[in-house]
Amino acid sequence: RALTHCLILSHFASRYLFLRPKYKNIYRTRQRVRKACVGSTSLHSSPSRRPGRRALCCWLAAAPGGRPVPPPPRRSRPRSVSRRNCKGSPPPWISCARSTRTATGWARPRRSPSCSRRPRRRTRRRRRWPRSWATSRGRVHRAGLFVPTRSIAQVMARVKRAGVAVDDALLTALAPALLRARKDAECLAAVGALSARTASDVRCGVAAAARSRDDAQLRAYVAEAAADEDTLKTLDDASLKAAMRGLAKKGDHRTAYSLLDALPAERRSPLLYHGAITACGRSRPIKGRTAMLLWRRMKEENVTVPRATYNALLHAAQGSLTENATSALLAAMDRDGVALNVVSYNVALNSLAKQGRFSEVLSLLEAMESASIKPTEVTFGTAINGAARANNSAAAVALLGAQTSVGLPLGDPAFASALEACLNDPDTAAGASRAAEVLDALAAADVSLKRRERVEELARAAISRNRAAVDDDRLKRDEDILGMVLQNRRVEV
């Protein structure tokens, strides 16, 4: 019997253990078997060795003629953790992190075979560069699109260790590298330390100052570039656009006009004209004449004027001393076929309202309605302000009713402008009665007033002009709803 057992075991070992399987993953499986079978060589081992037995069976099934090898169980512990059972942690053969500990030991939860046999998910390595670049890091470096700051710091550290004096040649070579590395403050410092700046240095200074929004240095470098024709030739379109954008945000119309005037006619693009006109509109006081002069120059040079530039011109025309500037711009837009949008109408209404030309405001509102453009709160607020400047209380009350019928919410500026129109109306009785109508609309609108004292003061002054034209019961009801004192009466304390 013993001899029979020996022959069976030798046959088993020669067939399964010493033959090289033809599966490519068998070596990895063999390593897992060696790690799983901790000192176990028997198929009938204790329950604590069942993971080793299962792995050994899977490895044996990978031999020729055996069953397909199922995927090995997923590891539940890191590779640095020992196979021994650590204190407070589950044994290594319990591969589920949701296992519970009982009085007798660790209990394995019930798991489906699909969950226990799920292969490990592979995660791709995160890309360091955006996909839109579609280029490798080496190509980016060779193309000069990216200059790492670390390399610049290493070069400067080597220069310092070598004791080399920092001269203009070194700073001239360093400024473009700092600009490409987006170190704008360091680039400005390098350009500012130069004793004699070239055209390339001024270009780097303009680009860095525009990107860092340093208004003083941008003004200085743009003035230096405008004074030299060779420097202007080195400035590309991107640098000019960035400089003009920075000047427009600051409202520096003088520097913007000088830069545009120094450029040749073929390099004056509509975007540069738009930046200069925007700078005229944002300067204080508004330079309307300069903006109109730039518009006439655009017409002489046959430069296309877009709608955004016309809107900037309408805004800048408020500071023009000529009364027909807004009308001329609207006529030019109609002649050139430029369609007006809500912004165009709002700016034009504001310009006409500030000049007190209320009849043109009403005509522009009619044109806006005929063009099927939906008005906004700014549109009605601007029109009511124009009615207040024209001392037309009837138009102000009518515009308040129109805004309510359209469904737009009413605010403090609209009510304050309407009450101011009632206060300045030459007809005292009509002004007092219309002020009462405005108060009725204010009580029905249920608006949280931010400038409550101002509205209350205007309403009291408008009603007191002709007290007999206002109903007392109606006024008392508005006082209770609004919580205001609208009558000039003394309250005993």
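Which elements of the protein have the lowest and the highest mean pLDDT? In this predicted model, the lowest value among the elements, 44, belongs to helix α5 (residues 137–143), and the highest, 93, to helix α14 (residues 270–282). For the protein, the mean pLDDT is 75, with 68% of residues at 70 or more.

**Confidence along the chain**

- Over residues 18–24, pLDDT stays under 50, and the model has eight contacts for this segment beyond four places in sequence.
- Residues 33–72 likewise form a segment where pLDDT stays under 50; here the model has 43 contacts beyond four places in sequence.
- Where pLDDT is low, predicted coordinates should not be read in detail.

**Positive surface patch**

- Helix α12 (residues 237–250) supplies three residues of the positive patch, the largest share.

**Salt bridges**

- The model has a count of 16 salt bridges.
- One of the salt bridges joins Asp 252 to Arg 219, with 2.8 Å between the closest N and O atoms.
- This pair links distant parts of the chain, its two residues being 33 residues apart: Asp 252 is in the loop between α12 and α13 (253–262), whereas Arg 219 belongs to helix α10 (residues 215–227).

Definitions and conventions. Residues are numbered from 1 along each chain as its sequence is written. This is a predicted model: local features need pLDDT of at least 70, side-chain atom pairs count only at pLDDT 80 or more; totals for chains, interfaces and linings use all residues. Side-chain values use heavy atoms; hydrogens and water are left out. pLDDT is the predictor's confidence in each residue, from 0 to 100. Helices (H or I, at least four residues) and strands (E, at least two) are DSSP runs, numbered from the N terminus. Contact means heavy atoms within 4.5 Å. A salt bridge is a side-chain nitrogen of Lys or Arg within 4 Å of a carboxyl oxygen of Asp or Glu.
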